[in-house]
Structure formats: structure tokens, C-alpha cells
Amino acid sequence: MEQNLTQQKWEAKICTSLEKAEPDQIWPFFQDFFGLHKWFSGLPTCHGIHGSNGEPGCIRYCSGFGLRQTANEIKWSKERLVAIDHAQKTFTYEMVDSNIGFKSYVSTIKVVPAAGGGGGGSVEWWISLEPVEGAKLEDLVAKYQVALQLMVKKMEEDAVSGSP
């Protein structure tokens, strides 16, 4: 009996609703590719190391998070902005180097207006990566769900208060 030794990629979509702000108010926060740490509390460090912020090809360095954090180990990644579409409020980035165990990692984030043209909307985060040894996709999705909810909540608070 033949076995298929090739594992499929992990793919998931995480989504959270906009409750206090409109997509046009949230999108500028995502355009600041080098500023993720401003809204993501689990990420104390994020800054540009190549290119112009928000332009395809730019690379950011992020540290301070991880799937399996140990006491004295700082988790980090270098992420390249692959594409950005301001009209569609979407961008795609890929991890080009890291010590967090992700391989072939690509994410797309989209800020989506509510159906029917009413107020509100949502933020969608698609992830695709090779399976991570010793981890479960469900755990990763749960961690991303919490992170996205907290990040969008902070963005909404800043958007409503007029903070940068």
C-alpha cells in the first residue's frame, strides 16, 4: 500500500467584525506595514529593515511572539510585503526568515465593508504555511483569532479617538 508522504499546506481564514469603526478608518493602520507593534500587544518590536513602508518589496523585522515561547528565547521573523491594493483594502505578505518554525508562510489581510453598503464590516486574515512540527493548526488559528480581535479592537479605539 502506497502512502502519501507529502502533507498539504495548512490554510485558514480568521475573521473579526468591525464594531466601532468603518473600513476606511481601519485601512490606514494596516497600510503602516512597519507599525504592527502599535496595535498588536504581543509584538513589542516591529520596524522596517528594507524599502519604503507600505511599498511592495519592503521588509519588516518583528520580534517578541511565537507559537511555543520559551523563557529566554526571543521569537522573530522578517516579513516582506508582496502586494498591496488600496482600492480593495488588501495586502499580502510572506515570511522570508524566522526562528518560529514557519515555512512557506504567506498571509493576506483584507478590510471588508459590510454587505449591502451599510456601515461596519470585517477584517479577514488568510494564512497558508507548511505544517509546523509539534503544533496543531487549530491552536494556531485560535491564537490568530485572539490576536486579530485584540488588534482590531485597538485600531478601532484609535480610529474613533483620532489617535495615529
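With which residue does Glu-94 form a salt bridge, and how far apart are the closest N and O atoms? The partner is Arg-80, and the closest N and O atoms of this salt bridge (a side-chain nitrogen of Lys or Arg within 4 Å of a carboxyl oxygen of Asp or Glu) are 2.9 Å apart. Glu-94 lies in strand β5 (residues 90–98) and Arg-80 in strand β4, so the pair ties together parts that are 14 residues apart in sequence; helices (H or I, at least four residues) and strands (E, at least two) are DSSP runs, numbered from the N terminus. Glu-94 is partly exposed at 24% relative accessible area, and Arg-80 is likewise partly exposed at 29%, where buried means under 20% relative accessible area, exposed over 50% and partly exposed in between (1.4 Å probe, protein chains only).

The model is predicted, so that local features need pLDDT of at least 70 and side-chain atom pairs count only at pLDDT 80 or more, whereas totals for chains, interfaces and linings use all residues. Residues are numbered from 1 along each chain as its sequence is written, and side-chain values use heavy atoms, with hydrogens and water left out.

The structure holds six salt bridges in total. One of them joins Glu-79 to Arg-60, with the closest N and O atoms 2.7 Å apart, and this pair links distant parts of the chain, Glu-79 being in strand β4 (residues 76–85) and Arg-60 in strand β3 (residues 59–63), 19 residues apart. Glu-79 is buried at 4% relative accessibility, as is Arg-60 at 3%. In another salt bridge, the side chains of Lys-38 and Asp-32 meet at 2.8 Å, N to O; here Lys-38 is partly exposed at 43%, while Asp-32 is buried at 17%.

Arg-60 also lies over the face of Phe-33, at 3.8 Å from the ring centre, and its charged end sits over the ring of Tyr-93, 4.9 Å from the centre (NZ of Lys or CZ of Arg within 6 Å of the ring centre and within 35 degrees of the ring normal).

Both rings belong to one aromatic cluster, formed by Trp-27, Phe-30, Phe-33, Phe-34, Phe-91, Tyr-93, Phe-102 and Tyr-105. The structure holds eleven aromatic pairs, counted for rings of Phe, Tyr and Trp (its six-membered ring) whose centres lie within 6.5 Å, with planes under 30 degrees apart counting as stacked, over 60 as edge-to-face and the rest as tilted. Among them, the rings of Phe-30 and Phe-91 have centres 6.2 Å apart and planes at 45°, and the pair is therefore tilted.
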